[in-house]
Amino acid sequence: MLHILLLILKIAGIILAAILGILILALLIVLFVPFCYQGAAKWDGGQRDLRAQGRISWLLGLVELRFVLRDGNASVKGRIAWKKLGGARAKGRESEPEAAEEEKAEEERPVKDESRDRQKEEKHEEEREKDQQGAEKAEEAPEAVPAPAKAAAQAEKAHEEGHEAHGEKGLERGARIEKDAAHDEKEGAQADRGHSKLRRTAEKICRRLRQIIKKIKCTFKKICDKINLITEKKEQIAAFLSNETHKKAFDVVKKECIRLLGSVLPKQFSLSARFGFEDPYHTGQLLAGIAVLYPFLPGDVRVEPDFEERIFRGKAVLRGRLYVASLVFAAFQVLRRRAVRETYRDIRGLLRAKA
């Protein structure tokens with residue numbers, strides 16, 4: 001019985017040791033197997049003449065990402081072991097069939113629109129013809145007026161004729177008085193309208209002026225509040241920057257960033273370029289800027305200025321590596337320092353105080 005129990009424990013220990021070994025191996029692979037990157041570019045004047053390609057690989061090419069730029073078309077492809085992740089093209093030949101289909105659809109649209117317009121016009125013409133026919137029938141039909149209505153109408157006409165014969169002068173005077181009264185009423189209404197328009201415009205102008213004054217007051221108040229906050233925090237910021245622990249923390253972070261940048265920069269780099277502008281003055285300015293940066297550029301750099309013609313031609317090749325272990329080591333070196341932790345806490349306190 002004891003022998004069987006020891007055998008079970010032995011098998012379990014072997015399994016746990018194997019799992020632990022696999023985890024340690026995976027961790028070592030992630031830390032010390034580098035991400036390799038390489039790229040090449042060649043250009044001659046315009047955007048269409050730019051050709052570039054890049055590659056990022058990991059674990060002896062089992063994980064790979066490729067980028068290609070040629071004739072203004074960009075494509076990205078990926079691969080994990082034997083499985084490809086399909087390329088994404090920004091502009092390419094694959095989009096030509098879609099463009100042809102869109103062109104066909106655009107050509108067919110005007111034909112459909114014309115047929116619809118014709119149908120609408122025919123419907124409108126039919127409706128107009130029906131309306132005209134109805135109006136003609138109404139005009140041709142005799143007016144059915146009853147006899148008593150006709151007699152009343154004749155009596156009214158006779159009365160009006162008699163009234164006109166006896167008092168045409170009075171009617172003319174009354175008409176003149178009515179015209180004068182109507183004219184006076186129109187002038188009064190126009191004057192009232194003019195006064196109401198003036199009042200409305202004046203009210204609108206006053207409202208706008210009030211809104212503008214309010215906005216100016218709010219902006220001025222905000223600016224004053226910000227100035228007061230800056231003046232209040234000025235002493236705290238000055239004390240924060242002059243603190244010795246904070247200075248040490250900044251020095252540590254700066255040192256580790258420089259070290260990390262040195263490990264990330266390409267180990268192999270070559271650049272050969274020939275450039276020139278229409279104005280030799282601009283060519284000289286660019287050459288002076290390159291001369292300032294020349295000592296910091298890695299690898300082989302060859303630059304040839306041309307002061308006679310406008311030209312921009314060259315090629316570049318680079319290769320480098322990035323270890324995850326360097327990132328982990330830099331983070332460990334930063335976080336293990338007590339000054340960095342204290343500085344981080346102080347920064348969080350300042351941000352909370354501002355909020």
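# Charges, salt bridges and loops in a predicted model

Biologist: Where do positive charges gather on the surface?

Modeller: Arg193, Lys197, Arg200, Lys204, Arg207, Arg208, Arg210, Lys214 and Lys217 form a patch of positive charge there. This is a predicted model: local features need pLDDT of at least 70, side-chain atom pairs count only at pLDDT 80 or more, and totals for chains, interfaces and linings use all residues. Residues are numbered from 1 along each chain as its sequence is written, and side-chain values use heavy atoms, with hydrogens and water left out.

Biologist: What counts as a patch?

Modeller: Patches are made of residues with over 30% relative accessible area and no salt bridge; like charges are joined within 9 Å, and nonpolar side chains (Val, Leu, Ile, Met, Phe, Trp, Tyr) within 5 Å. Lys and Arg count as positive and Asp and Glu as negative, while His and the chain ends are not counted. The place of a charge is taken as NZ of Lys, CZ of Arg, CG of Asp or CD of Glu. Accessible areas come from the Shrake-Rupley method with a 1.4 Å probe, and for residues only the protein chains shown count as cover.

Biologist: Which helix holds Lys204?

Modeller: Helix α4, residues 168-242. Helices (H or I, at least four residues) and strands (E, at least two) are DSSP runs, numbered from the N terminus.

Biologist: Is Lys204 buried or exposed?

Modeller: Lys204 is exposed, at a relative accessible area of 51%. Buried means under 20% relative accessible area, exposed over 50%, and partly exposed in between (1.4 Å probe, protein chains only).

Biologist: And which residues gather in a patch of negative charge?

Modeller: Glu122, Glu125, Glu126, Glu127 and Glu129, also on the surface. Glu126 sits in helix α2, residues 96-140, and is partly exposed with a relative accessible area of 49%.

Biologist: Switching to salt bridges. How many does the structure hold?

Modeller: Nine. A salt bridge is a side-chain nitrogen of Lys or Arg within 4 Å of a carboxyl oxygen of Asp or Glu.

Biologist: What does Arg274 pair with?

Modeller: Arg274 forms a salt bridge with Asp306, with 3.1 Å between the closest N and O atoms. Arg274 lies in strand β7 (residues 268-276) and Asp306 in the loop between β8 and β9, so the pair ties together parts that are 32 residues apart in sequence.

Biologist: Which of the two is buried, and which partly exposed?

Modeller: Asp306 is buried, with a relative accessible area of 8%. Arg274 is partly exposed at 29%.

Biologist: What else does the side chain of Asp306 sit close to, say a backbone nitrogen?

Modeller: The backbone nitrogen of Glu308 is 3.1 Å from a polar atom of the Asp306 side chain. The loop that holds Asp306 runs between β8 (300-305) and β9 (311-322).

Biologist: What about Arg310?

Modeller: Arg310 forms a salt bridge with Glu278, the closest N and O atoms being 3.5 Å apart. Arg310 lies in the loop between β8 and β9 and Glu278 in the loop between β7 and α6 (280-293), so this pair also ties together parts that are 32 residues apart in sequence. Arg310 is exposed at 62% relative accessibility, and Glu278 is exposed at 66%.

Biologist: Which residue bridges to Glu342?

Modeller: Arg338, with the closest N and O atoms 3.2 Å apart. Glu342 and Arg338 are four residues apart in helix α8 (residues 338-354), so about one helical turn separates them. Glu342 is partly exposed at 26% relative accessibility, whereas Arg338 is exposed at 60%.

Biologist: Which residues are linked in a network?

Modeller: Salt bridges link Arg55, Glu64, Arg66 and Arg79 in a network.

Biologist: What does the side chain of Gln333 contact?

Modeller: The side chain of Arg336, through a polar contact of 3.1 Å. A polar contact is a pair of N or O atoms within 3.5 Å; within protein, one must be able to donate a hydrogen and the other to accept it, and residues adjacent in sequence count only if both atoms are side-chain atoms. Gln333 is in helix α7 (residues 324-335) and is buried, with a relative accessible area of 11%.

Biologist: Backbone now. What is phi of Leu60?

Modeller: Near 60 degrees, a positive value in a residue other than glycine. Leu60 is in the loop between β2 (51-58) and β3 (63-70), exposed with a relative accessible area of 91%.

Biologist: And Ala81?

Modeller: Ala81 has a positive phi of about 60 degrees although it is not a glycine. Ala81 is placed in the loop between β4 (73-80) and β5 (83-84) and is partly exposed, with a relative accessible area of 24%.
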